[in-house]
Amino acid sequence: MSPDPAGTREQFRPDDHPTEHFLLTTVVGSYPKPTWLNRAKDLAEDDARAFDDDDLAEAMDDAARLITEEHVRAGLDAVADGEMRRNEMVEYFADRIEGYEFNGPVKVWGHNYFDKPSVADEVAYTEPWLVDEFEFTAGVADRPVKVPITGPYTLASWSFNEAYDSEAELAYELADLVNEEIEALVAAGARYIQIDEPALATTPDDHAIVGECLEHIADGVPDDVRLGLHVCYGDYSRIYPEILEMPVEEYDLELANGDYEQLDVFTEPAFEKDLALGVVDVHTTEVETVEEIKENILKGFEVVPPERLTVSPDCGVKLLPREVAYQKMENMVTAAREVESELDAGEIDL
Amino acid sequence: MTDVIATTPGLYPLPDWAKEELSDLKGHQKDDLIAGDESEAIVEAYDRARAEVTDRQREAGLDRIVEGQLRWDDMLAHPLCVHDNVETRGIVRYYDNNNFYREPVVRGDLTADGDVAAELDAAPDVSQAVLPGPYSLSELATDEHYGDDAAFLDAVADFLAAEAAEFPPVETLFLLEPSLVTDAPEDGEDERASEAIDTVAAAVDADVVVHTYWGSIPEKPYAHLMDAEIDAIGFDFVTDHEGSVYNIQEYGTKDDVALGVVDGQNTLVEEPEAIAERIEWIGDQVPNEAFERIYATSNTELFYLPTNKAEAKLDALAAAPAEVSR
């Protein structure tokens with residue numbers, strides 16, 4: 001695959017886009033779940049209630065429709081369903097991958113636990129993971145849908161590895177499964193896929209393993225499919241410029257939370273790929289104003305020209321109150337549209 | 001002839017019912033964690049959990065029974081986090097793990113407070129006490145009172161010694177010192193770390209094992225640790241068998257030794273025979289050593305594991321000594 005950023009980006013420009021310049025606006029993935037969805041899950045677990053799994057499936061559809069429409073209403077160019085059907089970013093996939101088993105919760109801190117799964121046997125792809133989710137979302141939205149997938153490195157490092165000699169070996173096997181899933185997603189019509197690798201932040205020296213995983217993942221993926229990599233909350237100087245070698249078009253980076261202190265890292269050597277810049281902080285409930293977000297977007301032009309800048313939040317917004325999450329997205333889109341107009345008018349010096 | 005006995009470094013996972021019950025009673029936020037003033041209902045829940053964990057060790061047949069350190073929400077930082085003159089601040093990463101604890105900031109004198117001794121008093125028949133080693137505990141904390149690293153380390157050592165002096169009689173005291181590996185002390189500091197261990201060891205009438213993990217101790221701090229008046233050093237043969245063998249070959253070790261031969265951070269349960277083979281293999285690597293006693297143990301604390309797997313590891317460990325050919 002020869003990465004061709006301009007080639008995969010233009011397909012996301014809306015037909016009626018009002019300006020010459022186009023800053024692709026999108027999200028990282030997760031979104032706060034409506035409180036009634038959590039209640040529905042509790043009901044479905046309670047055998048004494050008539051509420052069964054079919055009812056829960058309907059509730060999930062309702063939530064996915066609601067949040068997809070909320071993304072559309074915010075004006076985003078590429079939308080998602082807010083991961084309404086996913087319980088947790090590792091657990092959801094481990095549940096669907098053969099070879100994984102669950103033994104019970106383990107402590108993260110205090111009384112916060114995580115159902116950390118074990119890879120007890122060779123991993124295998126036996127059922128689609130996200131095709132139903134994608135088809136449903138694409139059916140609801142009148143615009144392109146982005147599909148976030150937890151990356152193989154994170155799936156490997158946030159599991160107990162009983163079956164493989166090393167974590168890297170397990171990650172490569174999982175990468176082949178991700179490749180199979182992408183093939184199914186592409187067949188279903190997906191053109192924008194983001195690999196999430198938060199585990200890289202704590203072990204940046206493993207970037208070569210993530211790179212090798214991406215080689216497996218990108219193998220045979222058609223040229224018109226946009227592949228991105230999302231990493232967050234790390235010391236980027238330890239993975240840059242090495243990550244530029246990875247076979248993806250776009251890097252989605254959390255930078256607003258650190259007030260762009262790390263932006264300089266990406267200026268030397270030149271950033272040759274597309275940058276999906278985090279322009280709103282997902283760890284504060286304070287909603288950034290349109291003016292503030294516009295200033296953040298301009299920071300992106302210090303790294304890439306407008307035709308290679310994507311605008312998104314720092315990370316998934318699931319921990320924010322829903323109205324705050326919505327307002328941040330809406331302001332983000334307004335800010336992007338205003339910057340586009342100012343670029344058209346030549347009012348911004350690049 | 002070498003006496004091989006089975007034990008663990010403590011810090012067990014809570015039984016699953018207790019995870020649920022205690023999170024309902026206490027809450028999920030950092031202000032909800034143990035402060036040493038828990039309500040009667042919380043005390044009672046921990047009592048039941050403690051009884052279950054000690055019974056399970058006896059059922060497995062371990063040679064040393066630990067209290068389980070179930071109240072240690074902040075893992076090895078616990079003894080400071082519950083102290084009156086310590087303020088807990090943000091949540092910080094616990095070594096290189098996906099685990100976090102409240103940063104303890106020492107703001108006043110570290111007077112003895114008896115928190116750990118009270119836990120042992122509440123658990124009759126416990127034969128092994130567990131404490132963080134002074135060096136690790138000082139590395140996990142922030143000092144805003146004593147002023148310099150040396151004075152702070154001494155204060156932490158005195159605090160732990162006073163704590164240990166209040167313990168009911170036990171056979172063994174495990175001092176967990178992973179920081180000797182992960183943040184190894186530098187010149188001068190290494191000698192002080194060893195003296196600090198002496199201070200704590202002198203406070204108890206029990207065999208003292210200084211257990212290290214997540215690699216092996218660099219040579220110089222290891223050489224200094226050998227000067228400490230302790231009964232055994234513990235080695236992590238899961239993550240670094242070469243470095244561990246090297247230290248024993250080059251500098252020797254105490255008459256007794258603790259061997260971390262079961263992986264405390266992986267759900268794959270070792271067979272007793274495989275554990276025994278590892279112990280025999282280590283003996284073969286250091287033919288000049290004639291250990292009087294070998295403590296067979298997991299390399300790390302056990303709270304990283306789901307409860308069912310931690311329990312299965314207790315069974316495997318307890319069955320291993322009988323498989324060792326001597």
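A nonpolar core is taken as a set of buried Ala, Val, Leu, Ile, Met, Phe, Trp, Tyr and Cys residues joined through C-beta atoms within 7 Å; a residue is buried if 20 or more other C-beta atoms lie within 10 Å of its own, exposed if 12 or fewer, and partly exposed in between, with C-beta atoms placed from the backbone. The model is predicted, and local features need pLDDT of at least 70, side-chain atom pairs count only at pLDDT 80 or more, and totals for chains, interfaces and linings use all residues. Residues are numbered from 1 along each chain as its sequence is written, and chains are lettered from A and ligands numbered from 1 in the order in which they are written.

The largest nonpolar core comprises 101 residues, and Leu259(B), Ala296(B) and Leu317(B) have the most contacts inside it. Helix α6 (residues 149–165) of chain B supplies the largest share of this core, eight residues; helices (H or I, at least four residues) and strands (E, at least two) are DSSP runs, numbered from the N terminus. Another core, of 95 residues, lies apart from it and includes Tyr31(A) and Val303(A).

In helix α11(B), the buried residues are Ile275(B), Ala276(B), Arg278(B), Ile279(B) and Ile282(B). Seen down the helix axis, the buried residues of α11(B) fall within an arc of 155 degrees, so they line one face of the helix; the arc is that of the directions from the axis to the C-beta atoms. Their cover includes β1 (3–6), β9 (256–262), β10 (293–298) and α12 (307–319) of chain B, where contact requires C-beta atoms, placed from the backbone, within 7 Å.

Conventions
Contact = placed C-beta atoms within 7 Å.
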